[in-house]
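Here are my notes on the model. Please read them with the structure open.

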Amino acid sequence: MADRRRINGPVGQTAPPVYDSPQQKREATQLGDNAVRKIFLKTGVTPSASGSAYLEVEDPHAARPSGTSLKLTCTVHGPRALPRSAPFSPHIILSTHVKYAPFATRQRRGYLRDSSERDLGVHLETALRGAIIADRWPKSGVDIIVTIIEGDQNRDSPEYDRDEGWDMMNVLSGCITVASAAIADAGIDCVDTVAGGVAALAAKDRKSQPSIVLDPDISAYHKIFAACCVAYLPTRDEVTNIWFKGQLPAADAMLYNKMIERSLVACRSANRVLTQSLNETVRQAQNPS
């Protein structure tokens with residue numbers, strides 16, 4: 001009788017596997033301080049949800065074949081009626097949930113949300129609340145779930161051991177943009193599309209003077225002095241949320257306003273990608289073939 005626990009080899013002759021040659025490394029492209037990284041945005045990626053979207057941000061300094069530094073996915077469930085035991089609400093109840101995947105960052109994340117993920121959820125809820133027309137759905141609720149598949153960190157850089165949380169600014173900016181696309185995909189009425197943008201006061205090396213940069217790649221700079229993330233409604237020209245972190249030199253009193261203005265430039269760039277993605281979704285729905 002044959003031994004069931006033994007894995008038998010093949011009966012005939014076998015040839016050793018031949019592997020393809022490794023892929024060539026991507027050439028790193030140098031972006032200026034006023035350039036914004038490329039964004040890929042697509043809606044309708046989760047059929048079971050009311051609305052969904054997927055966002056990728058290019059990493060111009062990466063040498064790996066993927067060439068991305070930020071990957072986000074968002075699902076929207078609702079609007080749906082609240083349970084009868086819930087008190088009456090004249091407007092929609094918005095619930096946001098932001099969670100890192102365990103493998104999203106250099107340091108492995110836990111399965112329970114920590115304080116940084118809760119902070120991202122609070123800022124995301126504040127940014128979206130100013131765009132949704134909440135009076136259209138009384139006593140209703142909507143759940144917005146954002147999963148960070150890959151954080152905005154350069155894992156290939158051995159010098160990127162300092163983690164001061166500056167990458168959370170870019171993550172929040174992406175969360176705002178991808179959540180706005182998912183809300184529009186779900187058919188929830190909004191006054192305008194909301195887009196996120198980041199500007200930072202950074203120095204490239206020890207000898208250079210700090211300057212304001214758009215959409216900063218954290219690993220490409222020697223030190224980040226301050227950063228600002230803004231949620232912006234382009235058509236209405238309104239800001240729904242501002243998150244500022246860091247310290248500014250007291251010599252220039254207008255530096256804070258300059259960072260806000262540069263953040264709005266990044267917001268308009270992200271909004272153009274958001275608008276193009278939604279227009280493409282509408283064209284595909286009108287012409288299924």
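The points below go from provenance to strands, helices and single residues.

1. Basis. The model is predicted, so local features need pLDDT of at least 70 and side-chain atom pairs count only at pLDDT 80 or more, while totals for chains, interfaces and linings use all residues. Residues are numbered from 1 along each chain as its sequence is written, and side-chain values use heavy atoms, with hydrogens and water left out.

2. Strands S1 and S2. Helices (H or I, at least four residues) and strands (E, at least two) are DSSP runs, numbered from the N terminus. Two strands pair if DSSP finds at least two bridges between them. Strand S1 (residues 39–43) and S2 run antiparallel and are joined by five bridges. Leu41 stands opposite Leu55 in S2. Buried means under 20% relative accessible area, exposed over 50%, partly exposed in between (1.4 Å probe, protein chains only). Strand S2 (residues 51–58) has six of its eight residues buried, so the rest of the structure largely encloses it.

3. The four-stranded sheet. This sheet is open, with the order S7-S6-S8-S9 and antiparallel pairing. Strand S7 (211–214) and strand S9 (238–246) are at the edges; each has a single partner strand, so one side of each lacks a neighbour in the sheet. On average, neighbouring strands of this sheet are turned by 20° against each other, direction ignored. Axes here are lines fitted to C-alpha atoms, for helices over the stretch in contact, and angles run from 0 to 180 degrees between N-to-C directions.

4. Inside that sheet. Strand S6 (residues 195–203) and strand S8 (residues 223–233) run antiparallel, joined by nine bridges. Ala200 stands opposite Ala227 in S8. Helix H3 (residues 255–286) packs on the sheet and touches S6, S7, S8 and S9; contact means heavy atoms within 4.5 Å. The direction of H3 makes about 135° with that of S6. H1 lies across S8 and S9, and runs at about 155° to S9.

5. Helix H2. Is H2 mostly covered or open? It is mostly covered, with 17 of its 19 residues buried. Helix H2 (residues 167–185) should span 27 Å at 1.5 Å a residue, and its end C-alpha atoms are 27 Å apart, which agrees. The expected span is 1.5 Å times one less than the number of residues. Just after H2, Gly187 takes a positive phi of about 80°.

6. Thr105. This residue is in the loop between strand S4 (93–100) and helix H1 (115–129). Thr105 counts as buried, at 7% relative accessibility. A polar atom of its side chain lies 2.6 Å from the backbone oxygen of Gln107. A polar contact is a pair of N or O atoms within 3.5 Å; within protein, one must be able to donate a hydrogen and the other to accept it, and residues adjacent in sequence count only if both atoms are side-chain atoms.

7. Backbone points to check. The peptide bond from Gly78 to Pro79 is cis, with omega near 0°. Pro79 is in strand S3 (residues 68–81). Lys139 is not glycine, yet its phi is positive, near 50°. Lys139 is in the loop between H1 and strand S5 (140–150) and is partly exposed, at 30% relative accessible area. Asp215, also a residue other than glycine, has a positive phi near 45°. Asp215 is in the loop between S7 and S8, and is buried at 15% relative accessible area.
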